[in-house]
Amino acid sequence: MKLIYLLPLLAFTSPILAQQKALPAPLKLVTEQGGEIVSEFAAPANMKGYVADFKGQVITLYITADEQYLFTGPMLDANGNNVGEQAANDYATGPKAQKDWQTLESSHWIVDGSASAKRVVYTFTDPNCPYCRQFWQNARPWVDAGEVQIRHILVGILKADSLDKAAAIMSASNPEEVLKKFENDNLVGTLQPLKNPPEHINAQLMKNHQIMMSVGARATPATFYHDANGAVKMQMGLPPASLMTEILGPLPSKPTK
């Protein structure tokens, strides 16, 4: 069986460990498909464990003692403990979190909120996504109070005209104002899709889509934020009310009259 059936959607082309030493042959199959081997850890039964990054997904790999066979996924001990969980978490909350945040910063986003806001949140937004619009509305208390700045990374994945609508918003002379009106339902029925956008807008939307795939987001809204410990987390779909304070911080108090 070829590895491609076991490990779909591989990504990244700069294997860290491959630059330091030769990898066992089965791991080379992973890197040849675009995978990134990011760390090595001790495993039972004379095996070696590895953490790999696949298109935003962190997984563990195990190589047998003779370095001829590869196993993927969690390995449990007799007590049900995941042997590679700590190594995977260390990467996910450390190097990967920093890399993903830098990648999000390099996308082409539209600002919603004050430049002096204490907290910055990124969210992938499709113009045809009703849950994106609901997230916009739910976030008003934090944004309007100047506590949070939400950076909307526009993509077009839901409907045939999603990309053209995203292009229309990004091509506007004031994208922030157009997005605001659109998300407030003032332009939902009247925004005209831009079927032949300028080349630079096409390039920006393509980059946004590539970044969305690279950080492991598969739906909208997909929201990235720092938790209380500084780790980068992703919320896929409309955040439930119970998560809003984790994503956006404490609910601002209403000003007294």
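1. A quick definition before we start: a charge counts as sitting over a ring if NZ of Lys or CZ of Arg is within 6 Å of the ring centre and within 35 degrees of the ring normal. Keep in mind that this is a predicted model.

2. The charged end of Arg140 lies over the ring of Trp136, and here the distance to the ring centre is 4.3 Å.

3. How many aromatic pairs turn up across the whole structure? The search finds four. One of them is Phe41 with Tyr62, an edge-to-face pair with 5.8 Å from centre to centre and 90° between the planes. This pair ties together distant parts of the chain: Phe41 is in strand S1 (residues 36-42) and Tyr62 is in strand S3 (residues 57-63), 21 residues apart. Are these two residues buried or exposed? Both Phe41 and Tyr62 are buried.

4. Now look at Phe124 and Phe224. Why is this pair called edge-to-face? Their ring centres are 6.1 Å apart and the planes stand at 75°, so the pair gets that label, because planes over 60 degrees apart count as edge-to-face. Here, too, distant parts of the chain are linked, with Phe124 in strand S6 (residues 119-125) and Phe224 in strand S8 (residues 222-226), 100 residues apart. Phe124 and Phe224 are buried as well.

Technical notes. Residues numbered from 1 in each chain as written. Predicted model: local features only at pLDDT ≥ 70, side-chain atom pairs only at ≥ 80, totals over all residues. Heavy atoms only, no water. Phe/Tyr/Trp six-rings, centres within 6.5 Å; stacked < 30°, edge-to-face > 60°. Helix = DSSP H or I, 4+ residues; strand = E, 2+ residues; numbered from the N terminus. Buried < 20%, exposed > 50% of the residue type's maximum accessible area, 1.4 Å probe, protein only.
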